[in-house]
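Let's read a protein model together, one feature at a time. Bring your questions and keep the viewer open.

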Amino acid sequence: MTATLSRAAWASNFSQNAVEFDRTGLELISGQIPAALKGSLYRNGPGRFSRGREEIGHWFDGDGAILAVHFGEGKAEGLYRYVQTQGYTEEEEAGRYLYGNYGMVDPQGVWHYWKSLFSQNDVLKNAANTSVIALPDRLLALWEAGHPYALNLENLATLGREDFGGAFQPGQPFSAHPLRDPLTGEIFSIGVDFQFNLNLYRLDGQGNLLKHRRLKLSRTPFCHSFCLAGRYLILFLPPITLNQFSLLLGNVAYADALGWDAEGGTKVLVIDRQTLEIVSEGETESWFQWHYGNGCELEDGNVRLDFVRFSDFAQTNEYLREVPTGAVKTSTNGQLWQAILNPQTAKIVELTKVLDRSGEFPVVNPQRTGQPWRYTYMALQRPAVILGSQWFGEIARIDYHTGDVITAKLGEYQYPVEPLYIPHPDDGDRGWIITVVYDGDRHGSEVWLWDADRLQEEPICRLALPEVIPFSFHGTWRST
Ligand SMILES: [Fe+2]
């Protein structure tokens with residue numbers, strides 16, 4: 001089959017804006033829902049790609065839509081809702097775009113942009129489109145350059161801006177990649193504001209802010225995620241530059257003001273998770289990463305972590321700009337790497353490529369977050385005709401003890417998103433992998449569930465969703 005046909009098949013996923021649906025029972029396509037599977041899957045991603053004739057400028061611009069699938073008693077019910085952000089509701093009413101975004105110039109002009117920059121308003125529209133975290137009484141829709149939005153866990157009704165009990169200012173950033181320590185229940189997060197301040201947060205399991213520290217970054221205009229490794233938070237800060245002058249002129253979108261200093265080196269920042277103070281700072285060769293798999297302390301005092309490494313920022317950013325157009329010309333080249341570093345000096349003592357395949361979204365069993373772990377799961381691109389320019393076609397499990405890699409190979413026109421690990425409620429050694437698959441053949445979306453140890457076998461069950469779900473970025477599982 002030619003690359004053109006494959007590309008057309010996944011590109012149809014973006015052919016229309018997300019269509020919401022009310023809570024509805026999901027039809028079983030194959031297999032059986034395990035009786036022990038009790039809880040909810042939540043996924044967040046850009047759902048709206050155009051208003052009238054106007055199209056988004058970058059995939060990151062799409063307004064967030066949340067899919068919830070509630071499992072229990074061998075059944076599943078799903079619902080799908082846009083996050084009712086201030087920007088989304090205003091633009092719905094106006095019937096056109098009103099705000100600047102990551103890849104879109106502010107249509108209200110440079111004065112509006114400046115006013116936002118020097119006030120406590122959102123500088124860009126908060127798209128609430130990147131991830132979610134489930135607190136005991138609410139779901140937070142996350143976007144890295146602003147505050148979260150709180151939603152009802154059951155019906156996804158938007159409750160409003162989340163200010164963590166009044167602790168946050170209106171536009172204060174809270175990243176889309178908070179991490180929960182499974183041992184203490186504490187939640188850690190970061191957030192880079194438009195003045196290049198890196199905010200570090202520690203919260204309790206209910207979402208109450210326990211500690212906040214602000215550090216000034218010398219150059220990095222954003223930091224997508226970080227890693228929890230035992231007593232430390234680890235941040236790699238790649239050499240991304242920002243042309244503030246062109247941004248202030250108001251005719252260039254944020255994404256277009258970003259650049260790459262290939263000789264600049266990636267900074268390594270080690271933070272004490274308790275005090276949120278810097279333990280050490282270092283620098284290594286230049287690379288870019290969006291995501292970490294996991295991290296832990298080793299017996300010798302070093303820290304081990306894995307992440308998906310890109311050779312530079314420009315290429316992955318361009319790929320992500322092109323994806324919703326369906327006409328991808330740029331290859332993406334993310335590969336899983338492992339680093340061993342000394343947390344007292346921030347020196348990397350070992351850096352190895354784990355898997356020679358292009359992929360993204362590394363995840364682990366959330367009960368192992370920050371602790372020694374054996375398996376990392378991730379989405380892989382098929383060994384495609386045009387290497388790296390396709391959507392994902394496999395889910396892999398990498399076994400760090402044996403070096404074995406097992407994969408779930410989906411059908412030629414079936415495309416998964418990020419896999420999530422669901423721990424088995426009664427057996428700590430077992431779990432499931434869940435993802436949402438777009439079937440380009442029948443233009444439909446499905447929920448697929450595998451036994452985490454048997455990815456190479458048929459899924460345990462496949463469930464049909466009533467509408468196409470545009471590819472989502474991240475999600476979470478909440479056991480009940
Ligand atoms: Fe992410």
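Q: Which residues form a nonpolar patch on the surface?

A: This is a predicted model, with residues numbered from 1 along each chain as its sequence is written, and side-chain values use heavy atoms, with hydrogens and water left out. Local features need pLDDT of at least 70 and side-chain atom pairs count only at pLDDT 80 or more, whereas totals for chains, interfaces and linings use all residues. A patch is made of residues with over 30% relative accessible area and no salt bridge; like charges are joined within 9 Å, nonpolar side chains (Val, Leu, Ile, Met, Phe, Trp, Tyr) within 5 Å. A salt bridge here is a side-chain nitrogen of Lys or Arg within 4 Å of a carboxyl oxygen of Asp or Glu, and accessible areas come from the Shrake-Rupley method with a 1.4 Å probe, where for residues only the protein chains shown count as cover. In this case the patch consists of W111, W114, F118 and L248, which together have about 500 Å² of accessible area.

Q: Where is L248 placed, and why does L248 count as partly exposed?

A: Helices (H or I, at least four residues) and strands (E, at least two) are DSSP runs, numbered from the N terminus. L248 belongs to helix 4, residues 244–249. Buried means under 20% relative accessible area, exposed over 50%, and partly exposed in between (1.4 Å probe, protein chains only). L248 counts as partly exposed because its relative accessibility is 32%.

Q: How do I read the two sides of a helix? Which residues of helix 3 are buried?

A: An α-helix has 3.6 residues a turn, so residues three or four places apart point the same way. In helix 3 (residues 110–117), the buried residues are H112, Y113, S116 and L117. They cover an arc of only 135 degrees around the axis, so they sit on the same side of helix 3. The arc is that of the directions from the helix axis to the C-beta atoms. W111 and K115 are exposed on the other side of helix 3.

Q: Now for sheets. In what order do the five strands of the open sheet come?

A: Strands of a sheet pair through backbone hydrogen bonds, either parallel or antiparallel. Two strands count as paired if DSSP finds at least two bridges between them. Here the order is 1-7-6-3-35, with antiparallel pairing. Strand 1 (21–25) and strand 35 (474–479) are the edge strands, each pairing on one side only. Neighbouring strands of this sheet are turned by 15 degrees against each other on average, direction ignored. For such angles, axes are lines fitted to C-alpha atoms, for helices over the stretch in contact, and the angles run from 0 to 180 degrees between N-to-C directions. Strand 3 (residues 39–48) pairs with strand 35 in the antiparallel sense over six bridges, and R43 has G475 in strand 35 as its bridge partner.

Q: Which strands are at the edges of the four-strand sheet?

A: This open sheet has the order 26-27-28-29 with antiparallel pairing. Its edges are strand 26 (359–363) and strand 29 (405–409), each pairing on one side only. The twist averages 25 degrees from one strand to the next.

Q: How is strand 28 joined to strand 27 and to strand 29?

A: Seven bridges join strand 27 (residues 375–381) to strand 28, and five join strand 28 (residues 392–399) to strand 29. Eight of the eight residues of strand 28 are buried, so the strand is largely enclosed by the rest of the structure.

Q: What about the hairpin turns: which residue in the turn between strand 24 and strand 25 has a positive phi?

A: That residue is A346, with a phi of about 60 degrees; the hairpin has four residues between its strands. A346 is not a glycine, and it counts as buried at 2% relative accessibility. Six bridges join strand 24 (residues 335–342) to strand 25 (residues 347–353) in an antiparallel pair, with N342 opposite K347. In the hairpin of strand 28 and strand 29, which has five residues between the strands, G403 takes a positive phi near 85 degrees.
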